[in-house]
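Me: I am new to this structure and would like to learn how to read its features. May we begin with a helix?

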Amino acid sequence: MKGRRPSQSGKVSERSSRRQLENEQLVKKPDFLKAATLGQIFVVCSQQLGGLEDGKITKLQFRKFLMTEQICFVFNLMGLGLSVMQYDLEFEEEDEDISSWLLWIIFISTLALLVLTVLRYQQHMNWQKSRKQISQNDKIWQTEQWYPMLIELIIYCIIPYPFTIGMRVYFYNSFQDAMAYYHVNEILALIMITRTVFIFRTILAQTFWYSNRTQRVCNLYACEGNYMFVAKSLMRTSPYTSQFIALVSLICIFGYGVRICENPLARNDPANNNLGRYANALWNIIITITTVGYGDFYTRTDLGRFVIFVVCILGIFVISVMVVTLINSLVISTLESHAITVLERIQLRQNLTQSASQVVLYSLKIFVALKKGNLSKVQLKILLIKLRKNLNDFKTSRRQYRNKQDVGNMNEEITNQFSLLKSDFSDVIEKQKGLLQQNQDIMNKLGVEAKPYISCPQL
């Protein structure tokens, strides 16, 4: 029995020390309450929550992303420009050596563009990782970016190749009732025009609306700051400039596409090469995208008609957006409506004064003429007609002025009533604040914990 007492006392002391440590941990203040400033509390809380994005790191990653985007833009634009030059050489079937060299340059630049595109998406992922949008261990194939990256890589692979130079695709043209042919590289150059989508994407990424700060604001308001957001922002801030640039770009791009589609018909009939000339193709796109359609130039190949069909769809969209923008710009605001109402009242007052002066003038003329007795019946009748006309004008102007004055007074009365209601609500809110403060003081004196009241917003 004596040998068991020390062990039991040791267990008791161990339990008591353990309970004491638990009590100390319970009453121990959190780490963020030890911080001296609000900034330190924010840092401690952010560390406990897994950390927040560092502004300098996100800016650096965003600049790297923009730099990669700009390099891709240069290679993309270079490939498109060289394809335009190579198209004319291969169509004329002259200078095959120069055409072959241009094709090899396009091919090499496309390979570099493919590598840069993968780096671009990787850098975009690094930017998202710095902003804590995705996990640090995520790969491209584990996110939603692999699908648009794959589509972009496939589009970049559709180029005129040096291996397909001289290859032809024959087709029957019902308009000429003869066989015509495309070069394979001509069709590939036509499909290559779809690259311009990524050129516009790069242009949108260089604007203010796709900056690192913009992304933070979008996250604050729970919206996605993507390229559609940039387009909407530009349409709101500078609608006419954005629509003009979009319209001119569509005309130039699709004009080149129509020229590629219709130019093979010139091989059979060089004198009737209407849309094979770029100026005529541009005119055809202009009258098509604006839904005019004179019919002086029209496509005669199935491929050209498909391009014009796409232009018609885009033309309906562009013209509709332009009409909506014009209507929105002509909407009168509340302040402009008040100003117009005041100016209308001033104008009606001037008309009322003028018509009243004419009534007085013709009345005096008739009175003086009758008093002197030198007025014939015809002259009296003419003066009476003019007097009656000015009286009607005076009545009409007075009625319009009173109606406009009543409308203006009604608007002022509504505004005054809203001002009175606002002041009444402000007084009620102040009284409620005082009552809540008194209730809180009473609860504190009674020793009852009272929840702090939430202050009402200012009207």
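Reply: The buried residues of helix H7 are Thr-196, Phe-198, Ile-199, Arg-201, Thr-202, Leu-204 and Ala-205. Buried means under 20% relative accessible area, exposed over 50%, and partly exposed in between, with a 1.4 Å probe and protein chains only. Helices (H or I, at least four residues) and strands (E, at least two) are DSSP runs, numbered from the N terminus. The model is predicted: local features need pLDDT of at least 70, side-chain atom pairs count only at pLDDT 80 or more, and totals for chains, interfaces and linings use all residues. Residues are numbered from 1 along each chain as its sequence is written, and side-chain values use heavy atoms, with hydrogens and water left out.

Me: How many of the residues of H7 are buried?

Reply: Seven of the 10 residues in H7 (residues 196-205) are buried, and the helix is thus described as mostly covered.

Me: Is Thr-68 buried or exposed?

Reply: Thr-68 counts as buried because its relative accessibility is 14%. Its place is in helix H3 (residues 55-92). Contact means heavy atoms within 4.5 Å. Leaving aside residues up to four places away in sequence, Thr-68 touches Leu-116, Leu-119, Arg-120 and Gln-123.

Me: Where is Met-167 found?

Reply: Met-167 is in the loop between helix H5 (146-157) and strand E1 (168-173). With a relative accessible area of 43%, Met-167 is partly exposed. Beyond residues up to four places away in sequence, Met-167 touches Tyr-182, His-183 and Val-184. Met-167 and Asn-185 are 18 residues apart in sequence, and their C-alpha atoms are 7.8 Å apart in space.

Me: At what angle do helices H6 and H10 pack?

Reply: Axes are lines fitted to C-alpha atoms, for helices over the stretch in contact, and angles run from 0 to 180 degrees between N-to-C directions. H6 (residues 184-192) and H10 (residues 239-262) pack at about 160°, with axes 10 Å apart. The two are therefore roughly antiparallel, a term for angles over 145 degrees.

Me: Which residues make the contact?

Reply: H6 contributes Glu-186, Ala-189 and Leu-190, and H10 contributes Gly-257, Ile-260 and Cys-261.

Me: What does UniProt record as a "transmembrane region"?

Reply: The unreviewed UniProt entry places this feature at several spans, including residues 240-258 and 278-299. Such annotations may be inferred rather than shown by experiment. In the model, residues 240-258 are 100% helix, with end C-alpha atoms 27 Å apart. Residues 278-299 are 55% helix and 0% strand, with end C-alpha atoms 13 Å apart.

How values were computed:
Angles under 35 degrees count as roughly parallel, over 145 as roughly antiparallel, 65 to 115 as roughly perpendicular and the rest as oblique.
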